[in-house]
Amino acid sequence: MRIDVITIFPEFFDVLEVSLLGKARGNGLLDVRVHNLRDFTTDRHRTVDDTPYGGGAGMVMKPEPWGLALDAIAQEATSEPTFVFPSPAGERFVQATAREWSGLDHLVFGCGRYEGIDERVFTYAASLGQVRLASLGDYVLNGGEVAAMAMIEAVGRLVPGVVGNPESLVEESHEDGLLEYPSYTKPSEWRGLAVPDVLLSGHHGRVAEWRRDQQVERTRERRPDLLVD
Ligand SMILES: OB(O)c1ccc2cc[nH]c2c1
């Protein structure tokens, strides 16, 4: 999978050089390229924003640099990209979204700042590929970078080969519509707190039943919204 990121803070994504995603980049499973939007400006001040038409507080990101950046990526793309713009006005990004996107060949994340990106950029991007505006949740960040990083990690880890043991991706929160069961490791007692006996029983059927019950109980308690049809 190829992932491009367009941002005015390219250094923000240096962290993608380390850990699991860094290893996946090293072995060619992920091809991550970060682009500085200011490199697509044409003025000496490398301006990316301007005042909003219709008035209002703050600044809006100019369409011109975005158009040149999207063109540069689209021109060298080997398959139709999906353009993802993190946005508080976007669809909810959930595990199913991550699973869907992990099957794509080319994702391009466009990270907005200020009050957002000129709307015409999304229209233009739709002439180059699929466009998705996506939000992590019902809160507002200062820009798209944090959301893009989270989405890149959630998607990248599902790309076959990135996570060593694919089994570990199965029993995770949200994979089966429920929150994951509690996990324990040695010692069996720690500061007066014991591991549930069933987990020490060696009875795999009972362990599986207990874990499922825990998933349903936790989901009912913490995320009842996941239980409605
Ligand atoms: O909360 B967010 O996901 C988000 C995304 C993009 C921009 C651009 C300016 N504020 C933003 C917030």
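**Note on the ligand site**

1. Start with the ligand. There are 13 residues around it, and those that come nearest are Pro86, Gly112, Tyr114, Leu141 and Gly144. Taken alone, the ligand exposes 310 Å², of which the protein buries 93%. Keep in mind that this is a predicted model.

2. Next, the make-up of the shell. By class, 7 of the residues around the ligand are nonpolar, 5 are polar and 1 is charged. Strand E5, residues 82–92, gives the most to this shell, with 3 residues.

3. Leu141 is one of the nearest residues. A backbone N or O atom of Leu141 sits 2.9 Å from an oxygen atom of the ligand.

4. Now the record. An unreviewed UniProt entry carries a "binding site" annotation that covers Gly112, Leu136, Gly137, Asp138, Tyr139, Val140 and Leu141. Gly112 and Leu141 are also among the residues that come nearest to the ligand.

5. Gly112 deserves a look. Its place is the loop between strand E6 (106–110) and helix H4 (120–125). Is Gly112 buried or exposed? Gly112 counts as buried, because its relative accessibility is 13% and the cut-off for buried is under 20%. Leaving aside residues up to four places away in sequence, Gly112 touches Met61, Ile117, Gly143, Gly144 and Glu145.

6. Val140 is another annotated position. This residue lies in the loop between strand E7 (130–135) and helix H5 (145–156). With a relative accessible area of 65%, Val140 is exposed, since exposed means over 50%. The annotation therefore covers both Gly112 and Val140, of which Gly112 is buried and Val140 is exposed.

Methods. Residues are numbered from 1 along each chain as its sequence is written. This is a predicted model: local features need pLDDT of at least 70, side-chain atom pairs count only at pLDDT 80 or more; totals for chains, interfaces and linings use all residues. Side-chain values use heavy atoms; hydrogens and water are left out. UniProt positions are given in the numbering used here, feature names are shortened, and annotations may be inferred rather than shown by experiment. Helices (H or I, at least four residues) and strands (E, at least two) are DSSP runs, numbered from the N terminus. Buried means under 20% relative accessible area, exposed over 50%, partly exposed in between (1.4 Å probe, protein chains only). Contact means heavy atoms within 4.5 Å. A residue is near a molecule or strand if one of its heavy atoms lies within 4 Å of it. A polar contact is a pair of N or O atoms within 3.5 Å; within protein, one must be able to donate a hydrogen and the other to accept it, and residues adjacent in sequence count only if both atoms are side-chain atoms. Accessible areas come from the Shrake-Rupley method with a 1.4 Å probe; for residues, only the protein chains shown count as cover. Ala, Val, Leu, Ile, Met, Phe, Trp, Tyr, Cys and Pro count as nonpolar, Asp, Glu, Lys and Arg as charged, and the others, Gly among them, as polar.
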